[in-house]
Amino acid sequence: MKIESNYKKVKNILLILLLANLFVAISKIIIGLFVNSSSVMADGLHSISDSASNIVGIIGITMASKPRDTEHPYGHKKFETISSIFIGLMLLLLGINVIKTSISKLFIPYTLTITIDSLIIILITLIINIFVAIYENKQGKKLNSKILIADSIHTKSDIFVSIGVLVTLIGVKLGLPPTLDTFVSFIVAFFILHASYEIIKENISSLTDKIMIEESVVIDILKDFADIEDIHNIRSRGYKDHIFLDMHIKVDSKLNVDEAHTLVHKIEDTLNYRLNKKVDLIIHVEPNKNNKSDYL
């Protein structure tokens with residue numbers, strides 16, 4: 001099945017990215033300890049959270065890939081959504097922690113030891129992050145994976161953070177005061193919190209059953225069905241790649257059960273084709289003895 005295959009692909013991608021993020025995180029933390037930089041340490045911890053989010057994603061996608069059962073007749077896909085929100089909350093806590101650490105550094109004098117080797121390693125990890133973010137976002141859109149898209153936003157914030165850290169280290173190397181490091185940490189925290197907001201906002205709609213397709217779009221797709229005389233009570237929820245849609249339609253009262261059944265299947269096939277996504281459709285068929293409605 002295509003959905004099961006996509007889950008497997010997403011899981012394999014997350015495993016590969018976990019290894020890449022661990023390498024990046026460990027490199028940054030070692031550099032941060034060596035040069036005594038709070039911004040580099042914050043960047044390293046942010047990268048650790050990238051690795052942690054990969055693990056959360058792997059767990060979430062494993063749960064989401066389970067088939068429907070008697071207790072979960074709609075499937076387990078919301079586990080992917082929950083995992084994505086959890087990644088956002090992880091970033092939120094991390095951002096708050098970076099702010100607290102930066103504030104405490106304002107009142108403690110310290111110096112930074114900058115070496116060319118540390119700058120080169122930061123640059124290398126930045127390049128790795130750019131590749132990871134682009135690849136992950138592209139695969140997330142291709143596979144319609146909330147986990148990969150959320151994780152790519154997480155990694156994208158890491159790119160801006162690393163750029164800020166790199167600029168700080170170069171600035172201190174050129175003679176700017178070490179306090180620059182503390183202020184950059186606040187900027188780091190801003191990007192982390194912004195990434196958290198993006199992820200949570202994007203995924204909360206699925207849990208709150210936000211509309212997934214406008215009524216006008218459904219009506220426009222079905223307007224050429226001569227047997228449909230009226231459409232109303234259109235409701236939708238679900239995900240970008242899998243919509244649960246229900247509606248009421250009025251048809252000629254002379255239409256028999258077999259004909260109505262065939263019509264419903266044609267409607268479902270048409271919606272799947274035109275929307276290019278899985279549509280679970282429930283239609284309440286009503287008889288109409290009046291003339292065709294102007295609704296369509």
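**Close-up views of a helix pair and a sheet**

**View 1. Helices α3 and α5 cross in a right-handed sense.** A crossing is called right-handed if the near helix is turned clockwise from the far one by less than a right angle, and left-handed if anticlockwise. In this predicted model, local features need pLDDT of at least 70 and side-chain atom pairs count only at pLDDT 80 or more, while totals for chains, interfaces and linings use all residues. Residues are numbered from 1 along each chain as its sequence is written, and side-chain values use heavy atoms, with hydrogens and water left out. Helix α3 (residues 78-105) and helix α5 (residues 146-173) pack at about 15 degrees with their axes 8 Å apart, where axes are lines fitted to C-alpha atoms, for helices over the stretch in contact, and angles run from 0 to 180 degrees between N-to-C directions. Helices (H or I, at least four residues) and strands (E, at least two) are DSSP runs, numbered from the N terminus.

**View 2. The contact between α3 and α5 involves residues of both helices.** Helix α3 contributes E80, T81, S83, S84, I87 and L91, and helix α5 contributes K146, I147, A150, D151 and H154, contact meaning heavy atoms within 4.5 Å.

**View 3. Three strands form an open, mixed sheet in the order β1-β2-β3.** Strands β1 (228-238) and β3 (278-288) each have a single partner strand, so one side of each is left without a neighbour in the sheet. Strand β2 (residues 242-252) pairs with β3 in the parallel sense over eleven bridges, pairing requiring at least two bridges found by DSSP. The bridge partner of K250 is E286, in β3.
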